[in-house]
Amino acid sequence: QVQLVESGGGLVQAGGSLRLSCAASGSIFSRNAMAWYRQTPGKQRELVAGITSAGSTKYADSVKGRFTISRDNAKNTVYLQMNSLKPEDTAVYYCHTLTYRMNVYWGQGTQVTISS
């Protein structure tokens with residue numbers, strides 16, 4: 001059983017930055033793959049960034065060069081640093097994990113709104 005709690009969302013101007021955090025509990029965090037997804041009304045939830053237990057990362061083409069996913073295993077936390085934000089980045093961002101036992105868990109989501 002894993003619980004994921006996101007924080008750091010908010011309203012920022014285009015070109016600004018935000019850092020999202022996701023605190024995890026209930027599993028061996030260092031063994032788990034972590035990811036950030038986002039969803040807007042009328043669109044399917046999409047993978048924004050992911051990081052494996054070994055530290056390998058992947059990004060959606062739309063955020064490459066602007067977003068960085070990282071993890072701090074000592075704090076059981078995964079981060080998403082978002083720079084050069086655009087209005088099209090507006091979405092609810094969800095923390096996600098695939099544990100080493102191949103179980104999937106989702107956070108509650110945090111709203112990110114980028115104004116023009």
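Strand S4 supplies the largest share of the lining of the largest pocket, 4 residues. Strands here are DSSP runs of E with at least two residues, numbered from the N terminus. The model is predicted, so that local features need pLDDT of at least 70 and side-chain atom pairs count only at pLDDT 80 or more, while totals for chains, interfaces and linings use all residues. Residues are numbered from 1 along each chain as its sequence is written, and side-chain values use heavy atoms, with hydrogens and water left out.

The largest pocket has a volume of about 160 Å³. A pocket is an open set of points on a 1 Å grid over the protein atoms alone, where a 1.4 Å probe fits, with protein on both sides within 12 Å along at least five of seven lines; lining residues have an atom within 4 Å of a point. The volume is the space filled by probe spheres set on the points, which are joined across faces, edges and corners. Of the 13 lining residues, Ala-33, Met-34, Gly-50, Ile-51 and Lys-58 are the closest to the centre of the pocket. Two or more lining residues come from each of S4 (33-39), S5 (46-51), S6 (57-59) and S9 (91-98).

S4 and S5 run antiparallel and are joined by 5 bridges; pairing requires at least two bridges found by DSSP. Met-34 stands opposite Ile-51 of S5. The two strands form a hairpin with 6 residues between them, and Gly-42 in the turn has a positive phi of about 80°. S5 also pairs with S6 in the antiparallel sense, over 3 bridges, and Ile-51 stands opposite Thr-57 in S6.
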